Amino acid sequence: MRGLNRFAQIRGRRLALAVLVSALAAFALGARCIENTSVFVDESGYTHIYGEMYNDTTIQGSAILLNGVLLDANGGVIAAKSTAICPPDSQPGKQSVFDIKFDQPNLPPHASYKVSAIGGKALNAPLPDPNVLVLSTDAIQLIGVPEWFPPEFPYENGDVFFRVGLRNRSQTIYTGLQGCAAAYNNAGQVIAVADDEFGYFDADDNFITPADLHFATREDFSFYMGAVPDNAAYVRGWLWFGNPGDPTSQYQFIMSGPITLQEFRLFSDGQ
């Protein structure tokens with residue numbers, strides 16, 4: 001009997017591995033997978049690969065891990081880095097975003113780059129539906145912050161705040177509302193990515209308190225994205241349920257459509 005149990009365990013593990021390999025192969029061979037990428041070097045000298053991972057399969061993926069590689073003209077590896085997508089799951093027919101930030105600053109110029117899925121889990125059913133209705137979305141960009149403004153003011157020109165109005169139609173009180181946001185240029189390329197926790201914005205203290213989503217009533221939450229490049233045309237936001245750094249969400253994520261940036265001018269002349 002022990003031998004049969006041991007055989008069943010080994011067979012089960014092999015089957016699970018086969019399902020995972022098949023899922024990753026489906027992502028790699030699908031008509032769409034890694035797309036709308038761009039490369040950016042930030043002001044501290046770190047190189048980022050931004051982009052989307054689109055799941056055009058019928059498989060629910062979770063804990064998805066990507067690997068990004070920068071290559072020189074001879075195909076040699078300059079740098080490599082692995083990172084999770086945001087949200088950390090891959091839903092059929094949906095896209096997630098990623099920011100692969102390489103560990104070393106001031107890297108040599110690259111001739112090409114590649115991004116591929118290297119890890120994750122294939123689930124045999126979709127994650128549960130949180131049954132949360134999105135009532136409104138806004139992306140507010142702060143402009144007109146004068147140079148003489150007190151340094152205690154924590155925001156700068158170009159900073160973006162993503163706001164969402166939600167109604168919880170389930171009987172569950174959700175804690176741990178995580179956010180992802182991406183900025184896009186007119187060509188549809190991802191040119192900035194941010195992730196943080198949604199919360200209640202206190203305008204008096206310039207502080208965002210972590211959010212709890214209660215039943216039935218409308219609640220409005222904010223997410224601080226930070227500055228985006230000048231050529232940003234629109235943003236897109238994601239809401240997922242869990243704690244910061246969790247390898248997977250507890251429920252299906254919620255994704256917005258494209259949101260046009262709305263300017264909020266602090267002073268009319270920025271002086």
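**Entry 1: the disulfide**

I began by counting disulfides, taking one to be a pair of cysteine sulfur atoms within 2.5 Å, and by this rule the count comes to 1 disulfide. I noted that the model is predicted, that local features need pLDDT of at least 70 and side-chain atom pairs count only at pLDDT 80 or more, while totals for chains, interfaces and linings use all residues. I also noted that residues are numbered from 1 along each chain as its sequence is written, and that side-chain values use heavy atoms, with hydrogens and water left out.

The bond joins Cys 86 and Cys 180, and I found their sulfur atoms 2.0 Å apart. About the S-S bond I read -80°, which makes the link of Cys 86 and Cys 180 left-handed. Cys 86 lies in the loop between strand 4 (77-84) and strand 5 (95-101), whereas Cys 180 lies in strand 10 (residues 177-184), so the pair ties together parts that are 94 residues apart in sequence.

**Entry 2: burial of the cysteines**

I called a residue buried under 20% relative accessible area, exposed over 50% and partly exposed in between, with a 1.4 Å probe and protein chains only. Both Cys 86 and Cys 180 are buried. I looked up Cys 33 as well, and Cys 33 is buried, with a relative accessible area of 12%.

I then turned to an open sheet of 3 strands, whose order is 1-2-5 and whose pairing is antiparallel; two strands pair if DSSP finds at least two bridges between them. Strand 1 (34-41) and strand 5 are the edge strands, each pairing on one side only.

Strand 1 runs antiparallel to strand 2 (residues 47-54), and 6 bridges join them. Among the bridge partners I noted Val 39 with Ile 49 of strand 2, and Glu 35 with Glu 52, also in strand 2. Strand 1 and strand 2 form a hairpin with 5 residues between them, and in the turn I found Gly 45 with a positive phi of about 90°. On the other pairing, strand 2 and strand 5 are antiparallel over 7 bridges, and there Ile 49 stands opposite Ile 100 in strand 5.

Conventions:
Helices (H or I, at least four residues) and strands (E, at least two) are DSSP runs, numbered from the N terminus.
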